[in-house]
Amino acid sequence: MDKKTILIDSFDGYIIDNVDDLIDSTNDVLLIKNSKYTDNNTEQNSRLTVIKDSSRLGAFYQVKIRMDSNMYSDITIRCSEEKANVWFTICKEILTTAYKWEIKTGDEYAPIYDESYYTEIQAFLSSYQTKDEVEILKSNIISDKFIHGFSTRKGGLSTAKGVLSLNMTAANIKRDSEMIGRENIRRLGTKAGFNPTSFLRARAVHGNTVYVVGQEEPKDGYDCIISNQKDITVAAPGADCVTMIFADHATPAFGACHSGWKGTLAKACVETVKKMQDEYGSKLENIRVALGPSIGPCCLEFAEEDAALFKGINENSIIRKEGKAKPFIDLQLVNRTLLETHGIAPSHIDDKSATLCTSCHPELLFSYRRDGIPFGNQVGFIGLK
């Protein structure tokens with residue numbers, strides 16, 4: 001059941017008279033207090049849950065974690081008129097349209113956005129300590145001249161089920177605001193060594209369109225992105241789909257590609273290589289490709305009619321398992337086959353170092369098939385040092 005969260009801001013001693021009227025089985029009533037101060041009357045009512053922190057934002061983030069762990073979406077904040085604009089600004093920056101929120105002061109006061117509080121919220125998110133650190137998977141065939149890797153779910157600020165915690169694609173349904181999304185990117189950039197303000201991510205529309213950085217961005221989305229510019233990091237998201245990064249050690253040029261089963265059949269990885277050849281003069285013998293985490297043949301069960309579509313690429317990618325009516329597909333093998341057929345040397349394709357099964361590693365990786373909606377995304381990323 002979606003309980004209504006009622007947050008009472010008692011940080012500065014604010015008290016409401018009718019607290020008993022708020023408490024029933026359909027409400028989760030929370031009283032936030034300043035942990036820097038102690039008082040004998042720590043609760044207005046024994047049925048209240050008291051949340052203490054040294055900052056109002058810290059207390060609110062505890063409330064958000066509590067809501068998201070239960071997927072509650074309805075919150076009313078009871079506060080003084082003096083703090084109404086602060087709360088309005090917090091909600092606008094940290095909550096998404098997945099929540100229904102309102103501010104009540106007891107008077108007919110309409111709160112407004114306070115730009116002066118924006119920097120404080122941003123600073124809080126930047127300094128917020130998570131229970132684990134950002135962890136990156138890397139390939140051993142990509143030259144050190146490139147910043148590269150594949151993110152995991154560790155070290156971020158995302159708090160919704162299925163999205164904990166370094167979700168790399170902020171969205172309303174994922175309960176990640178744009179500010180939280182930017183902070184997750186900043187944390188990955190700090191760990192990896194890239195500039196988060198020049199981080200460009202493919203939009204993942206399950207096709208084979210390639211965006212060349214510096215040219216007109218495709219209006220209908222793109223799954224592949226390439227560049228040869230310094231201080232640019234390109235990335236492709238994935239939750240079960242194959243993510244790949246490409247490095248031309250000679251030019252140098254680089255790229256990233258998102259390839260689900262539809263993108264794989266559309267040869268998105270090959271289109272990425274072709275575009276690097278056309279735009280930057282890349283030679284096949286100089287290109288290295290690393291495959292990141294994706295759902296493995298251990299878990300990717302497929303409808304019979306769709307599985308048959310892969311037979312013409314590599315029939316060994318269709319796997320039959322005893323006791324299972326449906327076949328399983330090895331998308332990693334299909335993409336390796338496509339790359340090799342196009343002319344990439346087998347030894348220049350790494351599908352071992354970082355190619356973990358997303359569904360089999362819930363502690364490390366996001367997976368749509370395992371978790372359902374909402375789900376988080378990791379990314380494969382690459383750029384020049």
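Predicted model: local features only at pLDDT ≥ 70, side-chain atom pairs only at ≥ 80, totals over all residues.
A residue is termed exposed when its relative accessible area is over 50%, buried when that area is under 20%, and partly exposed in between.

Side chains of opposite charge can pair when their charged atoms come close. A search of the whole structure identified 17 salt bridges. One of them joins aspartate 351 to lysine 352, with 3.2 Å between the closest N and O atoms. Lysine 352 has a relative accessible area of 66% and is therefore exposed, since this value is over 50%. Aspartate 351, by contrast, has a relative accessible area of 13%, and because this value is under 20%, aspartate 351 is classed as buried. Elsewhere, salt bridges with shared partners connect Asp9, Asp12, Arg56 and Lys83 in one network.

In the pair formed by arginine 66 and aspartate 28, the closest N and O atoms lie 2.7 Å apart. This pair links distant parts of the chain, as arginine 66 belongs to helix 2 (residues 56–70) and aspartate 28 to strand 2 (residues 27–34), 38 residues apart. Arginine 66 is partly exposed, at 30% relative accessible area, whereas aspartate 28, at 10%, is buried.

The other pair lies within helix 2. Here the side chains of lysine 64 and aspartate 68 form a salt bridge with an N to O distance of 2.8 Å. The two residues are separated by about one helical turn, because they stand 4 residues apart in the helix. Both partners are buried: lysine 64 has a relative accessible area of 1%, and aspartate 68 one of 0%.

In soluble globular proteins, nonpolar side chains tend to be buried together. The largest nonpolar core of the model comprises 33 residues, of which Met244, Phe246, Val289, Ile329, Leu339 and Ile344 touch the most other members. Several elements give two or more residues to this core, among them strand 12 (242–248), strand 13 (253–259), strand 14 (287–291) and helix 9 (331–342). Helix 7 makes the greatest contribution, with 6 residues.

The surroundings of isoleucine 329 were examined with its neighbours within four places in sequence left aside. Isoleucine 329 is then in contact with Gly296, Pro297, Leu300, Phe302, Ala307, Phe310, Ser317 and Ile318. A second, separate core contains 31 residues, including Phe11, Val63, Met67 and Leu95.

Technical notes:
Residues numbered from 1 in each chain as written. Heavy atoms only, no water. Salt bridge = Lys/Arg side-chain N within 4 Å of Asp/Glu carboxyl O. Buried < 20%, exposed > 50% of the residue type's maximum accessible area, 1.4 Å probe, protein only. Core = buried A, V, L, I, M, F, W, Y, C linked by side-chain atoms within 4.5 Å. Contact = heavy atoms within 4.5 Å.
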